Amino acid sequence: MENYLEINKKSWNAKVEPHLKSDFYFVDEFLKGRTSLNSIELDLLGDIKGKTILHLQCHFGQDSISLSRMEAKVTGIDLSDKAIDTAGDLAEKCGTDTEFICSDVYNLPNVLDQKFDIVYTSYGTIGWLPDLEKWADVINHFLNPGGKFIMAEFHPAVWMFDDDFTKVAYSYFNEKPIVETYEGTYADQSASIVQEYVMWNHSLAEVLDNLIKKDLQLNTFREFDWSPYPCFRHVEEFEKGKWRIPQFGNKIPLVYALAAQKK
């Protein structure tokens, strides 16, 4: 899929406006000070005051700005130029000095010359990348010696099922690109947009093995039987801010998180 970046950039540019208007991203509350970060990633981040952070695939920057509010020096990057423009506007309204750069992950070393204490990425990011060896290379490239990589992501077990969770429709393993057309968006199923996209499934072994091979030492790995977002169809909120797929209950993992350190 040589043109996957073009396809996915168009898809993510189309998402920006409906996402800004959706309850999913609670922009009005966010502008008043509500954080977009969840307990899963906050527990791994710890005290980040004074730390430099590179946020990969930041969408329109809510997590980046939330990290800035915790007194970190943050740079967010994203493929979508519309998302990056919006992120800059949000940061200005929020009064943070968060920096934003429009770039795809693999090309970032060619446009950013800096090292960071922390590289951070979260929720629905690596599925847009075909090659996790190159991804791990980028993480290693931007980390200071002893720096940390913090990641929270949807579990690959979830991506095996069809959208209604009635059958196993996809391989757990990264066999080939998944090219589909989708109506609406995870943040607003009724949004009047139709998008083609290209994605890849990545097993846990693929994630962990590539990080380890790039001199990142795994310190923490956790799995969760709930999602902090109602981004899948037919989910139910069983506790405040925690969603599950009813027919699965607590029987499958929905999210995993990890912390690794550059040797």
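The paragraphs below walk through the predicted model, from its confidence to its cores and then to some individual residues.

Residues are numbered from 1 along each chain as its sequence is written, and side-chain values use heavy atoms, with hydrogens and water left out. Because this is a predicted model, local features need a pLDDT of at least 70 and side-chain atom pairs count only at pLDDT 80 or more, while totals for chains, interfaces and linings use all residues. Here pLDDT is the predictor's confidence in each residue, from 0 to 100. The protein averages a pLDDT of 97, and 100% of the residues score at least 70. Confidence is lowest in strand S6 (residues 178-183), with a mean of 93, and highest in strand S1 (residues 52-56), at 99. Helices (H or I, at least four residues) and strands (E, at least two) are DSSP runs, numbered from the N terminus.

A nonpolar core is a set of buried Ala, Val, Leu, Ile, Met, Phe, Trp, Tyr and Cys residues joined through side-chain atoms within 4.5 Å. Buried means under 20% relative accessible area, exposed over 50%, and partly exposed in between (1.4 Å probe, protein chains only). The largest nonpolar core holds 49 residues, and Ile40, Ile53, Leu67 and Tyr120 have the most contacts inside it. Among the elements giving two or more residues to this core are helix H3 (39-45), helix H5 (81-94) and strand S4 (116-122). Helix H5 provides the largest share, six residues. A second, separate core has 32 residues, including Leu54, Leu56, Tyr106 and Leu204.

Contact means heavy atoms within 4.5 Å. The buried residues of H4 are Gln62, Asp63, Ser64, Ile65, Ser66, Leu67 and Ser68. Just after H4, glutamate 71 takes a positive phi of about 75 degrees.

Helix H7 (residues 204-213) has Leu204, Glu206, Val207, Asn210 and Leu211 as its buried residues. Their cover includes helix H6 (132-142) and strand S8 (216-224), together with S5 and S11. Just after H7, aspartate 215 has a positive phi of about 65 degrees.

Glutamate 153, in strand S5, is buried yet has no salt bridge, and the nearest side chain of opposite charge, lysine 15, is 13 Å away. A salt bridge is a side-chain nitrogen of Lys or Arg within 4 Å of a carboxyl oxygen of Asp or Glu; Lys and Arg count as positive and Asp and Glu as negative, with His and the chain ends not counted. A polar atom of the glutamate 153 side chain does lie 3.1 Å from the backbone nitrogen of isoleucine 126.

Asparagine 13 sits in helix H1 (residues 4-21) and counts as buried because its relative accessibility is 15%. Its side chain is joined to that of aspartate 81 by a polar contact of 2.9 Å. A polar contact is a pair of N or O atoms within 3.5 Å; within protein, one must be able to donate a hydrogen and the other to accept it, and residues adjacent in sequence count only if both atoms are side-chain atoms.

Asparagine 110, by contrast, is found in the loop between strand S3 (99-102) and S4, and counts as exposed because its relative accessibility is 63%. The side chains of asparagine 110 and asparagine 107 make a polar contact (2.7 Å).
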